[in-house]
Amino acid sequence: MLYYWILTTWTDDECKAIMENSCKALPGGGKLIACEPVLPKESDDSHRTRALLEGDIFVMTIYRAKGKHRTEEEFRKLGLSAGFPHFRAFYIDYFYTVLEFTK
C-alpha cells in the first residue's frame, strides 16, 4: 500500500487507525509505503528545516487543525503501535522521505 502525504494530515490516533487497517489487510512481509515530510530531530537554521517547519504550520492551519509533520522517531513509534515491527526511512530529496513499514 502506498500513501503520499496522507499521514501528515491526521492526528496520531487517526494515523494509528489507518495504519492498523493497512496492517490487517497486508500479508506477512507486506509493506505500507508512505511519502511524507519528516521533521529533523533538532531544529537548526538550514533551509530544509525552515521549509519543513513552515510546512508543518501550513498543515496545521490549512489542511486540518490537528494534522502535523512528525520526526522519524514519531513515525517509527506510530508504526510499532499499529503492528509494523520493521521500519526504514529513505530521505529522497530536500523535503520528502519515503517511509517503509513492514509487517
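I began with the neighbours of E100. Leaving out residues up to four places away in sequence, E100 touches K31, L32, I33, H86, F87, R88 and F90. I am working from a predicted model.

Next I looked up where E100 sits. E100 belongs to strand β5, which covers residues 96-102. Buried or exposed? E100 is buried, because its relative accessible area is 9% and the cut-off for buried is under 20%.

Then I checked the polar partners of the E100 side chain. One is the side chain of R88, at 2.8 Å. Another is the side chain of K31, with a polar contact of 3.1 Å.

I moved on to E73. I found E73 in helix α3, residues 72-81. Its relative accessibility is 39%, so I noted E73 as partly exposed; that class lies between the 20% and 50% cut-offs. Which side chain does E73 join in a polar contact of 3.2 Å? The partner is R76.

I also took a C-alpha separation for E73. P40 is 33 residues away along the chain, and the two C-alpha atoms are 9.7 Å apart.

Last, the cysteines. How many disulfides does the structure hold? I found 0. C15 is buried, at 0% relative accessible area. C35 has 11% relative accessibility, so C35 counts as buried too.

Technical notes
Residues numbered from 1 in each chain as written. Predicted model: local features only at pLDDT ≥ 70, side-chain atom pairs only at ≥ 80, totals over all residues. Heavy atoms only, no water. Disulfide = S-S within 2.5 Å. Buried < 20%, exposed > 50% of the residue type's maximum accessible area, 1.4 Å probe, protein only. Helix = DSSP H or I, 4+ residues; strand = E, 2+ residues; numbered from the N terminus. Polar contact = N/O pair within 3.5 Å; in protein donor to acceptor, adjacent residues only side chain to side chain. Contact = heavy atoms within 4.5 Å.
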